[in-house]
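This briefing is meant for a reader meeting the structure for the first time. Please look over the sequence and the model shown below before reading on.

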Amino acid sequence: MAEKRTIQLTVNGRPYSGQVEPRRTLADFLRQDLDLTGTHLGCEHGVCGSCTILLDGAAVRSCLVLAVQAHGRRVETVEGLAGANGELHPIQTAFHKHHALQCGFCTPGFLMSIVDLLKTRPDIEDENEIRTALAGNLCRCTGYSGIVAAVLEVAAQLRRERTT
Amino acid sequence: MSRALFGTRVERREDLALLTGQGCFTDDLKRPGMLHAAVLRSPHAHAKIRSIDVAAARALAGVVAVLTHADLGAAGKAIPLLQPNPLLVARTQLLLAHDEVRYVGEPVAFVVGDDRYVAEDALELIEVAYEPLAVAADAQEALKDDAPLVYPEIANNLASRFTLGFGDATEIFARADLVLRQRFKMHRGAGQAMEGRVVLAEYDRRANGITMWSATQAPHLVGRLASEMLGMEQRQVRVIAPHDVGGGFGPKAIFYPEEGLVPFAARALGRPVKWTEDRREHFLATNQERDMYHDAEMALTREGKILAFRDTAVFDTGAYVPWGIVDPWISATTIPGPYKLPAFQVNMQVVYTHKVPVTPVRGAGRPQAVFVMERMMDLAARELQLDPAEIRQRNFIQPEEMPYAMGLVYRDGAQVIYDSGDYPACLRKSQDLIGYDAFRREQAKARVEGRYLGVGIGVYVEGTGLGPYEGAIVQIESSGKVLVTTGASPQGQGHVTTMAQIAAHELGIDVDDVTVITGDTGAIPFGVGTFASRIAVTAGNSIALAAREVREKALDIAANLLEANKDDLELAQGSVFVRGAPARSISLGALALTAAGARPGYTLPPGVQPGLLATNYFSPSQAAYASGAHVITVEVDVRTGDVRILDYAVAHDCGRMINPMIVEGQIQGGVAHGIGNCFYEELIYDDNGQLLTASFMDYLLPTAKEVPTAKIAHMEVVCPLNPLGVKGVGEGGTIPSAAAFAGAVEDALKPFNVTVKEVPLSPEKVRKLLREAGR
């Protein structure tokens, strides 16, 4: 067992510090040390995308990032997606409306990937492009139709908001 | 106004917590002083264990215990068989292998440590001396006389052989106009829920009881087998499937060794223990469905009427048979499907191999059966130059022939009697959704341009809602709100919404005034489990019947209190009132308090037992037969072998729908699982029984890019067998998918006259078909 390192980071805007082994994944740090269990581990080898979070604003798989790599950085997880007063992010509302989740295990990863997508490609509107963008996350329950519908709706909403 | 109405698109009550990261999955749970476990698994498909040295692992800092079979004492026995059958020579596994391992991934040692990292470190310090033995890796090879044996005392590795059927097929084959013969291989693949298996157990020394949380589909089953393995009474082992379980699809509906090892260790150590499966373990040690070989023969008239169907099948069941032979049995009885067969015979051989045990995966043997029958229908249509839809129409059981006795015995021991359905209309509806005739014209045009489009059909009948029962307790709480308690735990199906809809509908209240508790053996004594598309039928009707009883009870007590005639009373908006005199009313909450004895001295009406609650265990008389037709259109790239799905249509009948939104979600999700099975997902083993596709890099789950949004039409032929008129819908989206896909690919490649004999296809296999056709 290697010596523990001290890390400091912000998660959903709050500062945290912790003592971690260098080998500890960021996902385990978030789930076990910070009790932020909304981030889920589906494959632990970087394919399923369930553990997707934002690191300094960009989507990453927290099972492939070590906690020590997050030192001094900004982490956003599904727990921080809704506003301070509990108002849901538009993509959360759209997921509910379009039955885009069943068991809900993959959902946090999808939500974080989509938040990243809508930020980096605010003009996305083509369904095929959206499907390609979502192909980095796996869902076994829904067959994706509700997820695609939710992204199409929010993307259109954001476009409308920008033009008005 | 109540928005509870049965049959409406009530939005899910589960969603808010899951969308905000507040879900409660088993791995999210923590208990004070909790330890973490890891499992050492066999790297060999078949080997003798000569010795196990755990000294170094035990000495590692942070390791609390290392268990091998020698440490298990009375728990060292084989796991009880779930479905004994006189036709089966059954073998089930031990919690930890004793002196022999029979599949790669079989548990050999169990380490408990301060955290998962340490426990996994310790696995590497355990020295096991294995003596590798010859491997039976393929079911067909395993049947041969010189094949290595999984059990020396079981000749030819034959776990079971049975024949089902009716009519005199031999005689018919001898004189039929047309006889077709074809060999098929159908590989079904894995469940692969996004959440793996997770077990947490805690021992209470004073109460001498265990509380166990498991990401299972069947908490009562787990509790029963865990208590048996631990030598405890069932009441001493409480099993909870937490509020959220991350997908099921069949493989979580079984008791696994870890569900014995975790509570065993928790009891032995006096500390809570958690084990969380990783994805590699899920590939190596969570049950799968796999290979089935069929030699099918069909006899027909010149007009395309089926006269007889004969099939010799080989089913790979892996190294153990925890679920008995339900899978191959379901498969055998599903083959006839929606068609009238004068004679039918299936000869099934169930074969042990050195691979992970096989238990049901979404569809449970039915996709294989439908694949065989529908492929044969397509081949017959080609031979007789009929349209594939037309030959099916010529053979369908007609709606006016219902109920229709097939002449077979289903897995529940009852006769296969289709209760209701309209197969001809269902297929036409699915064809309409896809625009079948227009597509045929487009196809002809495309062929001229050198593009290869095809359309395929898959029609199925599925026995859903199997017994023995599921139950519910419906109770009015003193607030006047309703509590529904059922053993049937959800894994994404939306029980908390649909069950509330049923109760709210029966009791005239809002769905949000219904609390639903699921999957806790401490809350309801009996339960079976959420699998086999059975919960709407079994638990759904239990809730309705219990709610009706509660309603009567409320009216009885209210009649007494209001000094009114029961017939003059009405229950609405959470109160009972006298019709025409709404001021004379009493709330459900007040009635619940009265029934609970809160009015000392008050006499309950004659025959009324205390408590405003009722328990009902609905036990269906037989399966409720759902049905459907899938029509798929594809384009095949003949250079690369890639297949693109152009459109996907589903017309189906699941009886009355409780919530169409949730029904459509089940179908679309099932279709995705089916598409995976058609083209992407394959558990490929080498000759040594090593799984070569043991990661999501190699075993491909379909993504949003591969799964189109299906067009769905509902038929709603009311089931006459249960009060709600419902049938199951959990598996129908998957069942005919591979058959329709295979038909569509074959149709696209009609100019090359290829025959699709196996799924999953892959670009490589499509190219192979074309190469063999000289292209």
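This is a predicted model: local features need pLDDT of at least 70, side-chain atom pairs count only at pLDDT 80 or more; totals for chains, interfaces and linings use all residues.

**Helix 6 of chain B in itself**

- Helix 6 of chain B runs over residues 219-230, and its twelve residues reach 16 Å from the first C-alpha to the last, which is close to the 16 Å expected at 1.5 Å a residue.
- Ten of the twelve residues of helix 6 of chain B are buried, so the helix is largely enclosed by the rest of the structure.
- The buried residues of this helix include Pro219(B), His220(B), Leu221(B) and Val222(B), and among them are also Arg224(B), Ser227(B) and Met229(B).
- After helix 6 of chain B comes Gly231(B), a residue whose phi is positive, near 70 degrees.

**Packing of helix 6 against helix 7 in chain B**

- The axes of helix 6 of chain B and helix 7 of chain B lie 9 Å apart, and the two helices pack at an angle of about 55 degrees.
- Helix 6 of chain B and helix 7 of chain B are therefore oblique to each other, and their crossing is right-handed.
- Helix 6 of chain B contributes Val222(B), Ala226(B), Met229(B) and Leu230(B) to this contact, while helix 7 of chain B contributes Glu259(B), Gly260(B), Pro263(B), Phe264(B) and Arg267(B).

**Helix 18 of chain B**

- Helix 18 of chain B, residues 737-748, has twelve residues and reaches 16 Å from its first C-alpha to its last, close to the 16 Å expected at 1.5 Å a residue.
- Helix 18 of chain B is mostly covered, with twelve of its twelve residues buried, including Phe741(B), Gly743(B), Glu746(B) and Asp747(B).

**Where chain A meets chain B**

- In the contact between the two chains, 42 residues of chain A touch 41 residues of chain B.
- On the side of chain A that touches chain B, two or more residues each come from helix 2 (90-97), helix 3 (107-120), helix 4 (127-134) and helix 5 (145-163) of chain A.
- Helix 5 of chain A gives the largest share of that side, four residues.
- The residues on the side of chain A that touches chain B divide into 20 nonpolar, 17 polar and five charged.

Notes
Residues are numbered from 1 along each chain as its sequence is written. Chains are lettered from A and ligands numbered from 1 in the order in which they are written. The expected span of a helix is 1.5 Å times one less than its number of residues. A residue is buried if 20 or more other C-beta atoms lie within 10 Å of its own, exposed if 12 or fewer, and partly exposed in between; C-beta atoms are placed from the backbone. Axes are lines fitted to C-alpha atoms, for helices over the stretch in contact, and angles run from 0 to 180 degrees between N-to-C directions. Angles under 35 degrees count as roughly parallel, over 145 as roughly antiparallel, 65 to 115 as roughly perpendicular and the rest as oblique. A crossing is left-handed if the near helix is turned anticlockwise from the far one by less than a right angle, and right-handed if clockwise. Two residues are in contact if their C-beta atoms, placed from the backbone, lie within 7 Å. Ala, Val, Leu, Ile, Met, Phe, Trp, Tyr, Cys and Pro count as nonpolar, Asp, Glu, Lys and Arg as charged, and the others, Gly among them, as polar.
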